[in-house]
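Have a look at the structure first, then read on.

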Amino acid sequence: MTDSRAGAVRALYPSRLLLPVPACTFEVPDGWNVQEFPQALAMVAPPEPVDGFHVNALITARRVSMNANLARIAQVALARQRRRHPDLRVESEKVGRFGQRSTYLRALALTAGEPARHVAQVQAFFFAPAVEGRTVTDLFTVVGTCPDEHARDIVPSFLKVIASFDFVPTPSEFVPRVQ
């Protein structure tokens, strides 16, 4: 939808041409909080730090080409992270299915923060359902980080968020009306 008064063109977001990020649901682990966070759709975290560390799972989304390759995206992200954390160690990585959704899942060990601390990280990469006729799709990531020594207790909560992730129809109050 555009407005071409006085030669200017105005685009409306969201609109039928510029779709919003797909609506989704995910489980928040018992006792944890969910909130908005800069450069993320949401942050899921326990209410208090664990041994002075702010455990969290960040959920992000970005537009990528409809032809994007999930494994390639995950490998580029890993290469970028290796430059920042030379001691990074991949503990496991695989592609799996959660319902109908293919997900690239990776577990890492690295040193991060000030002061430097050994942390465990779980990363999940997956696409929103494709929309016919679009040239782009939405790539979602969930990145959970916790102290390495608490990974055995906390990582299952990260996996619960990832496994429960589901895309749902966008609520009507967020769909723009065409006038």
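**Notes on charged and aromatic contacts**

1. Arg 63, Arg 134 and Asp 138 are joined in a network of salt bridges (a salt bridge being a side-chain nitrogen of Lys or Arg within 4 Å of a carboxyl oxygen of Asp or Glu). Please keep in mind that this is a predicted model, where local features need pLDDT of at least 70 and side-chain atom pairs count only at pLDDT 80 or more, while totals for chains, interfaces and linings use all residues. Residues are numbered from 1 along each chain as its sequence is written, and side-chain values use heavy atoms, leaving out hydrogens and water.

2. Helices (H or I, at least four residues) and strands (E, at least two) are DSSP runs, numbered from the N terminus.

3. A search of the whole structure gives six salt bridges. One of them pairs Lys 160 with Glu 27 at 4.0 Å, N to O. Lys 160 belongs to helix 2 (residues 151-164) and Glu 27 to the loop between strand 3 (24-25) and strand 4 (33-37), so this pair ties together parts that are 133 residues apart in sequence. Both ends count as partly exposed: Lys 160 at 40% relative accessibility and Glu 27 at 38%.

4. Glu 149 and Arg 117 also form a salt bridge, at 2.9 Å, N to O. Because Glu 149 is in the loop between strand 10 and helix 2 and Arg 117 is in strand 9 (residues 117-127), the pair ties together parts 32 residues apart in sequence.

5. Turning to the rings, Phe 26, Phe 126, Phe 140, Phe 165 and Phe 167 form one aromatic cluster. Rings of Phe, Tyr and Trp (its six-membered ring) pair if their centres lie within 6.5 Å; planes under 30 degrees apart count as stacked, over 60 as edge-to-face and the rest as tilted. The structure holds nine aromatic pairs, among them the edge-to-face pair of Phe 140 and Phe 167, 5.0 Å centre to centre with 75° between the planes. Phe 140 and Phe 167 are both buried.

Technical notes: Buried means under 20% relative accessible area, exposed over 50%, partly exposed in between (1.4 Å probe, protein chains only).
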